[in-house]
Structure formats: C-alpha cells, structure tokens
Amino acid sequence: MLLAVVAVIFGLALLVWSADKFVDGAAATANHFGMPPLLIGMLVIGFGTSAPEMVVSALASSQGNPGLALGNAFGSNITNIALVLGITAVLAPIAVSSQVLKREMPILIAITLLMAWPLYDLTITSIEAWMLLAIFAGYMGWSVYQGSRGSNDQLATDFDKEIKEHQMPIGKATFWLIVGLILLVVSSRLLVWGAVDIAMALGVSDLVIGLTVVAIGTSLPELASAIVAVRKNEHDLAFGNVIGSNMFNTLAVVGIAGAIHPISLEPLVLHRDWLAMTLLTFLLVIFSFRVNRPTRLNRIHGGILLGCYVAYTLYLLKTGF
C-alpha cells in the first residue's frame with residue numbers, strides 16, 4: 001500500500017512535469033514549421049494538455065482497467081470546470097472576449113449530451129468508441145478551418161504571446177518533444193499501477209480512484225496554466241484550455257480507451273458522473289455566456305463552482321465504497 005501511494009505521488013509529479021515539457025517542445029516545433037498561433041494553441045497545446053488523460057486512460061484500458069480510464073476522462077472534465085475554473089475565478093475574475101471560444105461552448109454542450117448515447121446501455125462498445133473518434137476527427141478538421149480564419153481573434157493573440165515566451169531552437173524543441181512523450185508513458189504506468197493497487201487495498205472501484213486522485217492529478221497542468229494565464233491577463237487562454245481539454249477528454253480519451261477495450265459501466269456512471277459533468281457544463285454556460293458582451297466568470301461564480309466540486313466529491317465518496 002505504501003509503495004503504491006509513493007508510486008501515485010511520484011507518477012503524478014513526473015506526469016505534470018513531462019506534460020509541460022512535451023507541450024513546450026511540441027508548440028516550439030510547430031512554430032518552427034510556420035503553423036499559425038491559433039492552430040498551435042487549439043491543436044498542439046490542446047493535445048498536449050490532454051496528453052496525461054490520453055496516455056493514462058489508454059494504458060488503464062489496455063491493462064484491463066477501463067473503469068479507471070473512464071473515471072479519468074469524466075473526472076478530469078468535472079475537475080476542470082468546478083475546481084480549475086472555480087479556483088481561478090476566485091483568485092481573479094475571468095473575462096473572455098474570444099469569438100472562437102463563444103462558438104465552441106455550444107459544441108461542448110452538444111458533445112457532453114452526446115455521451116448519453118454510448119452510456120445508455122452501460123457499455124461503450126468498440127464501434128461506439130470509433131464513432132466518438134470519428135466525431136473527434138471531424139471536430140479537429142473544423143478547428144483547423146476556423147483556426148486558419150481566426151488570426152485576429154483575442155485567443156490567437158494570447159497563444160502568440162505564450163509561444164514567443166517559450167521559443168527554443170529546433171533541436172531543443174525536438175528533444176523535449178520526444179523526452180516529454182517518453183516520460184508521459186513512464187509516469188502514466190507508475191500512476192495506473194499505484195492507483196489500481198490503492199483501489200484494491202481500500203475496497204473501492206478503480207472508477208472512483210479515476211474520478212478523484214487520478215483526475216485531479218491529470219488536471220494539474222490545466223490548473224497551473226489557468227492561474228498563470230490569468231496572472232498574465234491572458235483570460236481567453238485560461239478559459240480556452242479548459243474548454244478544449246474537456247472536448248478532447250470526452251471524445252478522444254473515452255474513444256481511445258473504448259477502442260482498445262470495450263468498457264462496461266456501473267449504473268452510477270450515467271446517473272451520477274455523467275449527470276454531474278453535464279450539469280456543470282450547463283452551469284458554466286449560464287454563468288459565463290453573453291451574446292454581445294465579454295464572457296465573464298466572477299468570484300461568486302467561482303465560489304459556487306468550488307462548492308459544487310466539494311458536494312460532488314463528498315457524494316462520490318459516500319456512494320463509492
């Protein structure tokens with residue numbers, strides 16, 4: 001048990017560090033090849049910040065722990081909205097002017113609602129998983145098209161500033177891209193092994209561990225980047241990282257895990273976890289979306305989101321044992 005706890009702590013720390021290096025290397029490499037800042041942000045950085053969830057869920061599914069994979073995806077989405085944006089908005093209100101993000105928020109709601117379809121019969125089959133990945137590919141194609149047209153958007157400006165701050169020679173960028181990816185896999189193996197061992201020792205399902213410990217750990221890059229972005233007055237970047245990450249988690253992370261191994265679900269996944277994720281997504285839109293005014297999350301909104309996260313976690317612990 002002690003060794004498993006050490007493996008989880010060390011795995012999470014290495015996972016966060018390697019994800020950061022992977023994102024820096026990938027963004028700098030893409031910049032060297034002349035990719036527009038908005039595309040680098042939406043695709044390269046989007047993939048990078050969701051890389052921990054993708055690798056952890058893929059490994060968990062391949063090792064016969066699909067509950068951990070699904071819990072990681074849904075738990076990360078819940079954590080991103082309620083904990084990451086909640087803490088960030090309490091520290092400093094978030095004002096967003098990007099039209100790209102306003103277009104993506106309704107898409108996030110549609111994708112979240114869509115997840116009820118594969119969850120309804122409590123089994124995510126390989127066909128359903130591949131369909132999720134096909135939808136994800138379509139979304140990526142749409143993002144590339146929109147990103148090539150949105151060079152004057154505020155989000156593009158924020159991404160451009162971040163990319164310039166992390167410029168590096170192509171050799172160094174390639175090095176961190178490769179090393180970061182390798183360490184992502186190594187740290188994920190440690191994390192999955194430790195998490196499964198802890199779940200068995202405590203008598204809880206790997207789903208609960210995925211929804212709590214693993215989800216918080218894999219969401220740490222989003223929390224760190226959101227706080228730093230708001231401190232730099234790059235509010236669109238802070239908000240955009242969460243919106244993009246949740247789309248990647250819902251479609252790509254669940255899709256990859258289900259394509260590797262069909263996922264059998266506990267009924268609570270639909271009635272508790274998907275419902276919580278959906279309600280939080282709607283709450284985020286109600287709090288922040290304005291048609292002709294900047295999107296804004298104030299400190300009261302942040303406090304409510306944090307309260308929702310505490311309530312969900314307590315209910316999860318009550319029903320998880």
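This is a predicted model: local features need pLDDT of at least 70, side-chain atom pairs count only at pLDDT 80 or more; totals for chains, interfaces and linings use all residues.
1. On the second largest pocket. This pocket has a volume of about 160 Å³, and the residues that line it are His 271, Arg 272, Leu 275, Ala 276, Leu 279, Leu 280, Cys 308, Ala 311, Tyr 312 and Tyr 315. Two helices each supply at least two residues of this lining, namely H11, which covers 267–288, and H12, which covers 299–320. The largest share comes from H11, with six residues. A student who sorts the lining by residue type will find eight nonpolar residues, one polar residue and one charged residue.

2. On the salt bridge beside that lining. A search of the whole structure finds one salt bridge, and the partners are Asp 273 and Arg 272, whose closest N and O atoms are 2.7 Å apart. Side chains of opposite charge can pair when their charged atoms come close. Both Asp 273 and Arg 272 are buried, and Arg 272 is also among the residues that line the second largest pocket.

3. On Cys 308. This residue belongs to helix H12, and Cys 308 is one of the residues lining the second largest pocket. Cys 308 counts as partly exposed because its relative accessible area is 28%, which falls between the 20% limit for buried and the 50% limit for exposed. Although Cys 308 and Ile 78 are separated by 230 residues in sequence, their C-alpha atoms are 9.6 Å apart in space.

4. On the second largest cavity. By type, the lining holds five nonpolar residues and two polar residues, and no charged residue.

5. On Pro 221. Helix H9 also contains Pro 221. With a relative accessible area of 14%, Pro 221 counts as buried, because the limit for that class is under 20%. Pro 221 and Ser 50 stand 171 residues apart in sequence, and the distance between their C-alpha atoms is 8.9 Å.

6. On Ala 60. This residue is found in helix H2, which runs through residues 37–62. Its relative accessible area is 0%, so Ala 60 counts as buried under the 20% limit.

7. On the loop between H5 and S2. At 27% relative accessibility, Leu 122 counts as partly exposed. Asp 121 lies in that loop between H5 and S2 as well, and Asp 121 is likewise partly exposed, with a relative accessible area of 45%. The C-alpha atoms of Asp 121 and Ser 264 are 9.2 Å apart, while 143 residues separate the two in sequence.

8. On the nonpolar surface patch. Leu 2, Val 6 and Phe 10 form a nonpolar patch on the surface, and together they have about 340 Å² of accessible area. Leu 2 lies in helix H1, which spans residues 2–32. Is Leu 2 buried or exposed? Leu 2 counts as exposed because its relative accessibility is 67%, and the limit for that class is over 50%.

Key:
Residues are numbered from 1 along each chain as its sequence is written. Side-chain values use heavy atoms; hydrogens and water are left out. On a 1 Å grid over the protein atoms alone, a cavity is a set of points where a 1.4 Å probe fits but cannot get out, and a pocket is an open set with protein on both sides within 12 Å along at least five of seven lines; lining residues have an atom within 4 Å of a point. Grid points are joined across faces, edges and corners, and a volume is the space filled by probe spheres set on the points. Helices (H or I, at least four residues) and strands (E, at least two) are DSSP runs, numbered from the N terminus. Ala, Val, Leu, Ile, Met, Phe, Trp, Tyr, Cys and Pro count as nonpolar, Asp, Glu, Lys and Arg as charged, and the others, Gly among them, as polar. Patches are made of residues with over 30% relative accessible area and no salt bridge: like charges are joined within 9 Å, nonpolar side chains (Val, Leu, Ile, Met, Phe, Trp, Tyr) within 5 Å. Accessible areas come from the Shrake-Rupley method with a 1.4 Å probe; for residues, only the protein chains shown count as cover. A salt bridge is a side-chain nitrogen of Lys or Arg within 4 Å of a carboxyl oxygen of Asp or Glu. Buried means under 20% relative accessible area, exposed over 50%, partly exposed in between (1.4 Å probe, protein chains only).
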